[in-house]
Amino acid sequence: MEANTRGTGRLPAAFLTPGSSSFMDFLSDHSPEMLPGKRVMPPMQGHIEAPHGTTIVSAIFPGGVVLAGDRRATMGNMIAQRDIEKVFPADEYSAVGIAGTAGLAVEMVKLFQLELEHFEKVEGTTLSLEGKANRLSTMIRGNLGMAMQGLAVVPLFAGYDVDRDKGRIFSYDVTGGRSEEHGFAATGSGSIFAKGSMKKLFREDLTEQEATTLVIQALYDAADDDSATGGPDMARRIFPIVTVITEDGFRRLTDAESSELARSVLARRLEQPDGPRASLL
């Protein structure tokens with residue numbers, strides 16, 4: 001047995017030593033090379049083409065929040081993947097939607113999930129939603145070196161705040177700067193079109209059903225004007241991922257539920273291609 005292990009023959013002594021409740025801090029101290037932002041990159045020449053996730057949208061309704069994403073990943077002007085998953089549960093009461101460099105984003109989400117699970121096991125309680133948002137901000141800031149080389153990750157974080165009894169949304173920039181969004185939010189290449197759609201359709205008294213329809217409408221509008229955003233693919237039966245977070249926890253809509261929403265929106269778009277009309281006054 002090596003000198004840096006105690007009793008188990010496998011785990012390093014540092015792992016068994018009480019310390020920070022942050023899994024990220026533990027990795028930074030003992031295995032920094034495992035963190036995406038700490039890896040040594042080979043010399044680069046020119047622009048790196050890597051698959052990118054595109055549009056993520058979120059909307060608050062009384063009693064919770066909806067987080068959804070399209071399914072397309074692009075690499076330059078090419079479609080890299082048609083059915084990528086961009087929305088993941090962070091824990092029981094929160095979720096993350098990823099935009100930016102797909103591989104790094106998925107890895108960051110997995111580390112974030114471990115971070116929250118590690119904190120809960122060490123402290124015996126869960127982080128507040130505000131604390132979770134701050135931890136994610138720190139992780140994004142740690143990826144700044146990669147972002148400056150064109151490998152940026154810009155997620156959208158949403159969850160149900162059990163202390164305030166409501167849904168909340170947080171957006172980020174590449175430096176880890178965090179902003180709380182009120183009502184609705186979007187990130188990714190199609191976000192400008194998705195925000196414009198939600199701005200005209202959002203109401204504070206939306207039901208859960210209306211909120212899920214709203215995000216589908218927003219993703220449809222994003223796909224209508226942004227080539228990197230994928231709309232519902234009826235032929236391949238690929239539909240947006242839609243998740244709902246309430247006091248009952250995280251729930252992902254089934255394929256049947258998501259497809260039914262998408263089909264309903266598409267049926268109305270055959271009559272009104274530009275989507276539902278908002279009142280002028």
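User: How many bridges join strand 9 to strand 10?

Analyst: Six bridges join them, and the two strands run antiparallel. This is a predicted model, in which local features need pLDDT of at least 70 and side-chain atom pairs count only at pLDDT 80 or more, while totals for chains, interfaces and linings use all residues. Residues are numbered from 1 along each chain as its sequence is written, and side-chain values use heavy atoms, with hydrogens and water left out. Helices (H or I, at least four residues) and strands (E, at least two) are DSSP runs, numbered from the N terminus, and two strands pair if DSSP finds at least two bridges between them.

User: Which residue in strand 10 stands opposite Phe-157?

Analyst: Phe-170 does. In the hairpin of strand 9 and strand 10 there are four residues between the strands, and Asp-165 takes a positive phi near 60° there.

User: And what is the strand order in the five-stranded sheet?

Analyst: The order is 6-7-9-10-11, in an open sheet with antiparallel pairing. Strand 6 (87-91) and strand 11 (178-181) stand at the edges with a single partner strand each, so one side of each has no neighbour in the sheet. From one strand to the next, the twist averages 25°; axes here are lines fitted to C-alpha atoms, for helices over the stretch in contact, and angles run from 0 to 180 degrees between N-to-C directions.

User: How many residues of strand 9 are buried?

Analyst: Six of its six residues are buried, and strand 9 is mostly covered; buried means under 20% relative accessible area, exposed over 50%, and partly exposed in between (1.4 Å probe, protein chains only). On its other pairing, four bridges join strand 9 (residues 156-161) to strand 7 (residues 94-97), again antiparallel, and Phe-157 is the bridge partner of Val-96.

User: Which strands does helix 4 lie across?

Analyst: Helix 4 (residues 129-142) lies across strand 6, strand 7, strand 9, strand 10 (166-172) and strand 11, running at about 15° to strand 10. Helix 3 (residues 102-123) lies across strand 6, strand 7 and strand 9, at about 20° to strand 6.

User: What distance does helix 3 reach from its first C-alpha to its last?

Analyst: With 22 residues, helix 3 reaches 31 Å, close to the 32 Å expected at 1.5 Å a residue, where the expected span is 1.5 Å times one less than the number of residues. Its buried residues include Met-108, Phe-112 and Glu-115, and helix 3 is followed by Gly-124, whose phi is positive, near 75°.

User: Changing topic, is Arg-168 buried or exposed?

Analyst: Arg-168, whose place is in strand 10, has a relative accessible area of 2%, so it counts as buried. Its side chain makes a polar contact with the side chain of Glu-130 at 2.8 Å; a polar contact is a pair of N or O atoms within 3.5 Å, where within protein one must be able to donate a hydrogen and the other to accept it, and residues adjacent in sequence count only if both atoms are side-chain atoms. Not counting residues up to four places away in sequence, Arg-168 also touches others, among them Ile-60, Phe-157 and Glu-180, where contact means heavy atoms within 4.5 Å.

User: Which residues of the largest nonpolar core touch the most other members?

Analyst: Among its 25 residues, they are Val-57, Val-66, Met-198, Leu-214, Val-215 and Val-242. A nonpolar core is a set of buried Ala, Val, Leu, Ile, Met, Phe, Trp, Tyr and Cys residues joined through side-chain atoms within 4.5 Å. Elements that each supply at least two residues of this core include strand 2 (56-61), helix 6 (191-201) and helix 7 (208-225), and the largest share, eight residues, comes from helix 7. Apart from this core lies another, of 24 residues, among them Val-96, Ile-98, Met-108 and Val-153.

User: What about Ile-192, buried or exposed?

Analyst: Ile-192, which has its place in helix 6, counts as exposed at 59% relative accessibility. Ile-192 and Asp-221 are 29 residues apart in sequence, and 9.9 Å apart in space from C-alpha to C-alpha.
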